[in-house]
Amino acid sequence: MSKKVSYKKLARLHNVLMEYEKRVIEETTDPLGIGDRLGFHCYSCGNMISTVKLTHGETATKIECNRKGCKSIMLRNDNVYKYQNVDLEDTHEWWRPDLNWLKKNRDKLSLLDHIFKGGLILRKIRKK
Ligand SMILES: [Zn+2]
């Protein structure tokens, strides 16, 4: 038995998601977190990062620390912006995956479930 979601089903679910997103953005004047910055702090190594929301949707309260060698967890903590003398640069963004991403990750069932419930996932911001 295959543990992958079919392309056809992914495409259908993705359409539903895009329709939902369009409707929510059109029907409200509230930007729903678009552009919001979320800070994360690792209490093990002290690493701090800043993330930004590209669209509305659920984000995580904890993520894996991205510092090399640290296998700890970073917790959501907006005080990171106060701890810094210089403004923290946004390095990661919360986005709603496109169909290509979904196709590449169609065996990650719990992640897909999260996405189709409106959840966002974190990716590194590409430098321009
Ligand atoms: Zn760490």
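Two strands pair if DSSP finds at least two bridges between them. Strands are DSSP runs of E with at least two residues, helices are runs of H or I with at least four, and both are numbered from the N terminus.

This is a predicted model: local features need pLDDT of at least 70, side-chain atom pairs count only at pLDDT 80 or more, and totals for chains, interfaces and linings use all residues. Residues are numbered from 1 along each chain as its sequence is written.

**Stop 1: the sheet**

Select β1 and β4. They run antiparallel and are joined by 3 bridges. Now find C42. Its bridge partner in β4 is M74.

Show the whole sheet. It is open, with 6 strands in the order β3-β4-β1-β2-β5-β6 and mixed pairing. Colour β3 (62–64) and β6 (121–124). These stand at the edges with a single partner strand each, so one side of each has no neighbour in the sheet. From one strand to the next, the twist averages 35°; angles run from 0 to 180 degrees between N-to-C directions, with axes as lines fitted to C-alpha atoms.

**Stop 2: β3 and β4**

Select β3 with β4 (residues 73–76). They pair in the antiparallel sense over 3 bridges. I63 stands opposite M74 of β4.

**Stop 3: the hairpin**

Move to β1 and β2 (residues 48–53). This pair is antiparallel too, over 5 bridges. Pick L38: T51 is its bridge partner in β2. The hairpin of β1 and β2 has 5 residues between the strands, and there G46 takes a positive phi near 85°.

**Stop 4: the core**

Select L38, F40, C42, I49, C65 and M74. These 6 residues make up the largest nonpolar core. Such a core is a set of buried Ala, Val, Leu, Ile, Met, Phe, Trp, Tyr and Cys residues joined through C-beta atoms within 7 Å. β1 (residues 37–42) gives the most to this core, with 3 residues.

Which residues does M74 touch? Leaving out residues up to four places away in sequence, they include F40, H41, N47 and K62. Contact needs C-beta atoms, placed from the backbone, within 7 Å.

**Stop 5**

A residue is buried if 20 or more other C-beta atoms lie within 10 Å of its own, exposed if 12 or fewer, and partly exposed in between, with C-beta atoms placed from the backbone.

Select K9, in helix α1 (residues 7–26). K9 counts as exposed because it has 12 C-beta neighbours inside 10 Å. Jump to Q84, in the loop between α2 (80–83) and β5 (90–95). Q84 has 13 such neighbours, so it counts as partly exposed.

Notes: Two residues are in contact if their C-beta atoms, placed from the backbone, lie within 7 Å.
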